[in-house]
Amino acid sequence: MRSEHSLQRRLGLGLTLGVTLLWLVAVAVSGLVVRYELNKVFDSALEETAQRILPLAVVEVINRDAATTPQRILPLAAHDEHLTYLVQDAAGNTLLHSHSADRQVFGTQPHTGFVSTPTHRIYGAAAVRETFWIQVAEPLAHRRKAALEVIGALLWPLTLLIPLSLAGTWWLVRNSLRRVRDYRNAITAKGAGDLSAVRAEHLPTEIEPIAVAVNQLLELLRRTLEAEQSFTANSAHELRTPLATALAQVQRLEQELPTGPQLDKARQIEATLRSLSRLSESLMQLAKAEGGRLLSDQPQDLVPVLVLVVDELRRNARVPIQLDLPEGGILSSTLDPDAFAILLRNLIDNALKYGAAEQPVSVRLAPEGILRVINAGPVVPTEALPRLRSRFVRATSDVPGSGLGLAIVDRIAAGAGATLQICSPASGRTDGFEVVFDFHNTVI
Ligand SMILES: Nc1ncnc2c1ncn2[C@@H]1O[C@H](COP(=O)(O)OP(=O)(O)O)[C@@H](O)[C@H]1O
Ligand SMILES: [Mg+2]
């Protein structure tokens, strides 16, 4: 799973970002509401204080002897003042003020009602036909601090919310995708040639139709391939007996015919029947190679198979076959011995057929599971090499053949999960042809 495309990562980040943004919007809106409400409460407190103090101050000032000397109200105990007040007469002379009232804050002219300065909120009221004025001031910083504390308290949960949301989404998505992951693993665990249905249980409803469609497709593919393979195998098999009978009859006819044009014709018919019989044999091999089941559960020693096939081919070979076996003489592999024999026959047969006359064919089996079949001869053009694996494709027309040999070998390699390399010229030479069959994956 590439991490930038991971659903888990996307949902985790996206949802966390969304939740954080929503929370911030909620905090901002709450901040505005809180500020509005706090202002209302503080204003009301300011108004209440002014209206409570003013009558007391008036009585105090009237009862005083020297009414024009400003009087500072001494604090009962040392404390910070959030509210400061100033009592003035109509001319603007200060009659009374709280102990830490700052004259600068209140302005020159007294007024009634609320006024905001850059630093303070001031409420003014008048009494006794506007001969006594009171102004109560409250620093705005005090209100701001209160609002900020509320917003701060609302922001704190974010430190918990972000990791919780990340972890929660991660866990939830991971848990919800567990079945999808199982399904993915089931698909990847299947070999390339395994067309059996993929087990899909308890998949999310969004994914289930995909699994059903995949299984239907696999089933269709399997049936089509089986039909094609069984058709090839059956028709090749059905051709075998009539071909053998026809061949036997032609051979008998040849014995009865005197030398002459009729015998030549009979010999031509025999050659055609033989190549037909080889073709039907190749088709059967191809059907086996494509039919799968090229690996067995029990590993077997493949060296005797190689020795047997080489001995058999040596009997009719024009050139010697050099055989290099692994040290110890054992190569245990799960590759099906029949498939290995078919592969060997096709490769060595090609080397004998297309190799240069009087130059040996070399067959080497390395202990790690690499087979090389090398022959001398003219170089096959590089651009023609990849196509030789296709059915009925040939690079020569001088020697008869069907063009199926390398296709069979290629199918066996693919079915066994092995690799096949075709090179010309052969490695370390300037001419010849080399086929490397690397089946180390099957070696035990
Ligand atoms: N050992 C080889 N040396 C040279 N050419 C080869 C060799 N093996 C295969 N070829 C080329 O690849 C072609 C395809 O081979 P193959 O599939 O076995 O079909 P066929 O042998 O029936 O022609 C051959 O026609 C030949 O041109
Ligand atoms: Mg061939």
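This report describes a predicted model, its ligand and several of its residues.

## Ground rules

Residues are numbered from 1 along each chain as its sequence is written, and chains are lettered from A and ligands numbered from 1 in the order in which they are written. As the model is predicted, local features need pLDDT of at least 70, side-chain atom pairs count only at pLDDT 80 or more, and totals for chains, interfaces and linings use all residues, while side-chain values use heavy atoms, with hydrogens and water left out.

## The shell around ligand 1

Ligand 1 is surrounded by 18 residues. Each counts as near, with a heavy atom within 4 Å of the ligand. The closest are Tyr 354, Asn 375, Arg 394, Thr 396 and Gly 403. By class, the shell holds nine nonpolar, seven polar and two charged residues. Here Ala, Val, Leu, Ile, Met, Phe, Trp, Tyr, Cys and Pro are nonpolar; Asp, Glu, Lys and Arg are charged; the others, Gly among them, are polar.

The space taken by ligand 1 is the largest pocket. A pocket is an open set of points on a 1 Å grid over the protein atoms alone, with protein on both sides within 12 Å along at least five of seven lines. A molecule sits in one if more than half of its atoms lie within 2 Å of its grid points. Two elements give two or more residues to the shell: α8 (337-354) and α9 (405-416). Helix α8 gives the most, with four residues. Helices (H or I, at least four residues) and strands (E, at least two) are DSSP runs, numbered from the N terminus.

Taken alone, ligand 1 exposes 530 Å², and the protein buries 95% of that. These areas come from the Shrake-Rupley method with a 1.4 Å probe.

## Pairs apart in sequence

Thr 20 is in helix α1 (residues 7-63). Its relative accessibility is 15%, so Thr 20 counts as buried. Buried means under 20% relative accessible area, exposed over 50%, and partly exposed in between (1.4 Å probe, protein chains only). Thr 20 and Leu 158 are 138 residues apart along the chain, and their C-alpha atoms are separated by 7.1 Å.

Leu 295 belongs to strand β7 (residues 295-301). It is partly exposed because its relative accessibility is 41%. Leu 295 and Val 136 are 159 residues apart in sequence and 98 Å apart in space, C-alpha to C-alpha. Arg 72 lies in strand β1 (residues 71-72). Arg 72 is also at 41% relative accessibility, so it counts as partly exposed. Between Arg 72 and Val 380 there are 308 residues in sequence and 116 Å in space, C-alpha to C-alpha.

## Backbone features in loops

Where does Pro 425 lie? It is in the loop between β12 (419-423) and β13 (433-438). The peptide bond from Ser 424 to Pro 425 is cis, with omega near 0 degrees.

Glu 130 has phi near 65 degrees, a positive value in a residue other than glycine. Glu 130 sits in the loop between β5 (120-127) and β6 (132-139). It is partly exposed because its relative accessibility is 48%. His 202 also has a positive phi, near 50 degrees. It is found in the loop between α4 (178-189) and α5 (208-256). With 63% relative accessibility, His 202 counts as exposed.

Note on methods: On a 1 Å grid over the protein atoms alone, a cavity is a set of points where a 1.4 Å probe fits but cannot get out, and a pocket is an open set with protein on both sides within 12 Å along at least five of seven lines; lining residues have an atom within 4 Å of a point.
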